[in-house]
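I opened this notebook to record what I looked up in the structure shown below. The entries follow the order of my reading.

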Amino acid sequence: EQRHITQPAFSRRVRALENWIGAPLIDRTSYPTKLTAAGEAFRERAALIVRDVFDARASLLGQRPIPADTLSFALPHALSLNFYPKWLTKIEHACFQGAPLQTKLVALNVHDAVMALVEGHCDLLMCYHHAEQPIQLDPKRYAMILLGQEGLKPYSRAQRDGSPVHQLPGKASAPVPYLAYSPNAFIGRMVEIIFETARRPHFLRRRYETDMADALKAIAVEGHGIAWLPESTVTRELRSRQLALAGGAIWCGNMEVRLYRERTNSKPLLNQLWTFLERNAAFKK
């Protein structure tokens, strides 16, 4: 989509680059996309070239590059709207004595957020992780800190008595309207894992689809069906009794919230934050 070409055409360009280099650059058997040893070596040189090009453009346009006292984050939309703001507030008070931390945030899908770190476009990657859908980053190159756990549960609009309008597992004669994630969405795969783990019949009728959790939440609040949402996204709606849990424990799952950095990134502010997180268990759940 970013290149405005079809997948086969994009693959031909990758193949052409590999033919020009004279070695395979991409391991196509892993998710997310993983580079071969030759690909890693070439990526480092290519990243420097790309950075030089963008720095030159910024200079010519009178723009300033990201200063050394700013941390850039890449993270999924759901984390950017809910988990990240509260986490940032706690970090500013605990690590920086209440002083505002200068940050740049880019919200992407999980795969693109991972690639932003791999391609050197951010200092930190905050993302979800699950053993059945792991984020495969080389621990020799990338350091990781576990920030917490995030529940993933089914929610429906709440009735006046607090019970859900729609409830799992539904019936064959009356399937539950299902507010689903797009096939390429990481959380959508997490929902499929919940179905596989439950091993119970469920009757759903797909009514709406998007790749953004907050968009699904808005549709669920209006009563259009059941949506699986990260717990951090529904705190206010549960408190105001707009939403209610629509299924038991077998229909719920958990994801880890992780923070990654490249070990060779020597930005002082990044090192200060990372050292604080490593030494304070309260921020590693």
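Entry 1. I began with the rule for pairing: two strands pair if DSSP finds at least two bridges between them. Helices (H or I, at least four residues) and strands (E, at least two) are DSSP runs, numbered from the N terminus. I then looked up strand β7 (residues 176-181) and found it joined to strand β8 (residues 204-210) by 6 bridges, the two running parallel. Within this pairing, Tyr181 stands opposite Thr210 in β8. I also noted that β7, α5 and β8 form a right-handed β-α-β unit; right-handed here says that, with the strands pointing away from the viewer, the path from the first strand over the helix to the second runs clockwise.

**Entry 2. Basis of the values.** The model is predicted, and local features need pLDDT of at least 70, side-chain atom pairs count only at pLDDT 80 or more, while totals for chains, interfaces and linings use all residues. Residues are numbered from 1 along each chain as its sequence is written, and side-chain values use heavy atoms, with hydrogens and water left out.

**Entry 3. Aromatic pairs.** I took rings of Phe, Tyr and Trp (its six-membered ring) as paired if their centres lie within 6.5 Å, with planes under 30 degrees apart counted as stacked, over 60 as edge-to-face and the rest as tilted. The count by this rule is 6 aromatic pairs. One of them is Phe73 with Tyr84, edge-to-face, at 5.2 Å centre to centre and 65° between the planes. This pair links distant parts of the chain, since Phe73 belongs to strand β3 (residues 70-76) and Tyr84 to helix α3 (residues 77-95), 11 residues apart. Both Phe73 and Tyr84 are buried (under 20% relative accessible area; exposed is over 50%, partly exposed in between, with a 1.4 Å probe and protein chains only).

I next looked up Phe195 and Trp228: their ring centres are 5.3 Å apart and their planes lie at 90°, so this pair is edge-to-face. It links distant parts of the chain, with Phe195 in helix α5 (residues 186-198) and Trp228 in strand β9 (residues 226-230), 33 residues apart. Phe195 is buried at a relative accessible area of 12%, and Trp228 is buried at 0%.

Ring pairs also link Phe73, Tyr84 and Trp87 into a cluster.

**Entry 4. The cavity.** How many cavities of 30 Å³ or more does a search of the whole structure find? I recorded 1. A cavity is, on a 1 Å grid over the protein atoms alone, a set of points where a 1.4 Å probe fits but cannot get out; lining residues have an atom within 4 Å of a point. Grid points are joined across faces, edges and corners, and a volume is the space filled by probe spheres set on the points. The largest cavity holds about 150 Å³ of space. Its lining has 14 residues, of which Pro76, Asn109, Val110, Ile187 and Asp211 lie nearest its centre. The elements giving two or more residues to this lining are α3 and α5.

**Entry 5. Backbone.** Most residues other than glycine have a negative phi, and most peptide bonds are trans. I found a cis peptide bond between Leu168 and Pro169, with omega about 5°; Pro169 lies in the loop between β6 (142-157) and β7. Arg199, in the loop between α5 and β8, has a positive phi near 50°. Arg199 is exposed, with a relative accessible area of 76%.

Methods
1 Å grid on protein atoms, 1.4 Å probe; cavity = no way out; pocket = protein on both sides within 12 Å on 5 of 7 lines; lining within 4 Å.
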